Amino acid sequence: MEKILKTISSYMKKHGYAAQLQAHMRTREHEHFKKLVISKSGLALLDAVHCLYDLTRTRAFLREIQKQVTAQSVVLEAGIGTGILSIYAATKARRVYGIEINAPTFALAKKVQAYVESKGLTRAPIVFTKGDATNAQFPEKADVIINENIYTGLFFEQQIQIARNLRKYLKPRGVMIPARLRSYAVLCSVSGMPSLAPGEMIVPIELRTKVRITQLTKPFAYDDVTLARLSKRGVRHTEVASCTRSGTATALLIYTEVHMPSGACIRRNQTEFLNNDILLGLPKKHILHKGNKIRVSLAYRYGAQPSDARLALAILPS
């Protein structure tokens with residue numbers, strides 16, 4: 001596992017992608033994502049490189065592949081990025097298929113594949129194709145499907161749409177990596193930064209100023225998705241939350257736990273990219289007092305931009 005990671009990281013450094021990533025990271029995540037049309041062209045090439053260098057996330061997926069893939073496994077990956085997960089699967093599997101929608105990223109993955117294969121580090125044939133995983137067809141069913149197209153709250157990325165297409169290629173005893181995603185929300189008071197406009201998103205970890213986020217309610221689970229058994233196309237949730245301390249609610253904080261088939265979990269604040277806490281600006285500020293009951297309604301389709309979410313709050317009579 002570490003040998004593959006080291007080999008591909010070395011390739012990125014040697015060919016200048018690591019240096020390009022440093023410059024790319026100067027653009028804040030929420031500003032960058034506003035410019036992308038992910039349903040048509042996926043993430044940018046340097047986003048794929050960034051995913052590779054998010055080592056907690058990358059190692060979590062590599063460890064799960066190590067647990068789930070055997071010498072008899074057929075593996076299918078959607079959104080191959082740099083190709084690292086498919087390539088590692090090919091050190092163990094019988095055959096590996098991977099698909100990538102973004103043309104520059106696909107070209108990079110093919111180069112990385114050739115580089116790793118030239119060193120004799122894989123055992124299974126790898127078939128990478130350029131295409132859209134939401135409607136792609138494959139020649140056989142898979143024992144393991146990897147779908148690492150994750151964003152907090154299931155915004156932006158087409159992970160659910162991809163899973164709907166791919167699950168028909170999953171063998172009866174096959175597994176999806178990840179298996180389940182559970183999203184939580186908590187009402188917050190945010191100070192130390194300009195007020196968020198209604199529906200505006202910010203990634204707090206990126207802010208260069210000292211921002212104070214005070215939780216006014218306990219976190220509540222508002223979405224729970226098992227990727228192999230999908231029954232809905234978006235979020236529609238209403239929660240009555242109790243105010244645990246007084247303050248002015250200005251934002252809804254959202255985070256997502258990523259659960260693996262083995263039971264392992266990528267929890268809040270463990271990754272560096274694409275699955276951090278996000279803040280959504282509320283339609284208006286609400287002055288809350290400890291003990292208030294607040295009805296929180298949240299609705300959006302999977303893969304939508306946060307600004308498209310319908311978010312409403314109401315303080316209930318005591």
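Trainee: How many cavities of 30 Å³ or more does a search of the whole structure find?

Mentor: The model is a predicted one. Rolling a probe the size of a water molecule over the atoms shows where empty space is left. Applied to the whole structure, the search for cavities of 30 Å³ or more gives a count of 2.

Trainee: What is the volume of the largest cavity, and which residues are closest to its centre?

Mentor: The largest cavity has a volume of about 440 Å³. Its lining is made of 35 residues. Helix 5, helix 6 (55-68) and strand 1 (74-78) are among the elements that each supply at least two residues of that lining. The residues closest to the centre of the largest cavity are Gly 79, Ile 80, Gly 81, Glu 100 and Asn 149.

Trainee: Which helices each supply at least two residues of the lining of the largest pocket?

Mentor: The largest pocket holds about 260 Å³ of space. It is lined by 15 residues, and those closest to its centre are Met 25, Thr 27, Glu 29, His 50 and Glu 206. The helices that each supply at least two lining residues are helix 3 and helix 5 (45-53).

Trainee: Is the aromatic pair of Phe 33 and Tyr 151 stacked, tilted or edge-to-face?

Mentor: A pair of aromatic rings is described by the distance of the centres and the angle of the planes. For Phe 33 and Tyr 151 the centres are 5.1 Å apart and the angle between the planes is 50°. Planes under 30 degrees apart would count as stacked and those over 60 as edge-to-face. The pair formed by Phe 33 and Tyr 151 is therefore tilted.

Trainee: How many residues apart in sequence are the parts that this pair ties together?

Mentor: Phe 33 belongs to helix 3 (residues 29-34). Tyr 151 belongs to the loop between strand 4 (142-147) and helix 9 (159-166). The pair therefore ties together parts whose separation in sequence is 118 residues.

Trainee: Are Phe 33 and Tyr 151 buried or exposed?

Mentor: A residue counts as buried under 20% relative accessible area. Phe 33 has a relative accessibility of 1%, and Tyr 151 also has 1%. Phe 33 is therefore buried, and Tyr 151 is likewise buried.

Trainee: Why is strand 6 described as largely enclosed by the rest of the structure?

Mentor: Strand 6 covers residues 180-191 and has 12 residues. It runs antiparallel to strand 9 (residues 220-226), with 6 bridges, and to strand 11 (residues 247-259), with 9 bridges. Strand 6 is largely enclosed because the number of its residues that are buried is 9.

Trainee: Which residue is the bridge partner of Leu 187 in strand 11?

Mentor: Strand 6 and strand 11 are antiparallel and joined by 9 bridges. In strand 11, the partner of Leu 187 is Leu 252.

Trainee: What is the strand order of the open sheet of 3 strands?

Mentor: The pairing in this sheet is antiparallel. Its edge strands, each pairing on one side only, are strand 10 (234-242) and strand 15 (310-315). Strand 10 pairs with strand 14 (residues 293-301) over 9 bridges. The order is 10-14-15.

Technical notes
Residues numbered from 1 in each chain as written. Predicted model: local features only at pLDDT ≥ 70, side-chain atom pairs only at ≥ 80, totals over all residues. Heavy atoms only, no water. Phe/Tyr/Trp six-rings, centres within 6.5 Å; stacked < 30°, edge-to-face > 60°. Helix = DSSP H or I, 4+ residues; strand = E, 2+ residues; numbered from the N terminus. Buried < 20%, exposed > 50% of the residue type's maximum accessible area, 1.4 Å probe, protein only. Pairing = 2+ DSSP bridges. 1 Å grid on protein atoms, 1.4 Å probe; cavity = no way out; pocket = protein on both sides within 12 Å on 5 of 7 lines; lining within 4 Å. Points joined across faces, edges and corners; volume = space filled by probe spheres on them.
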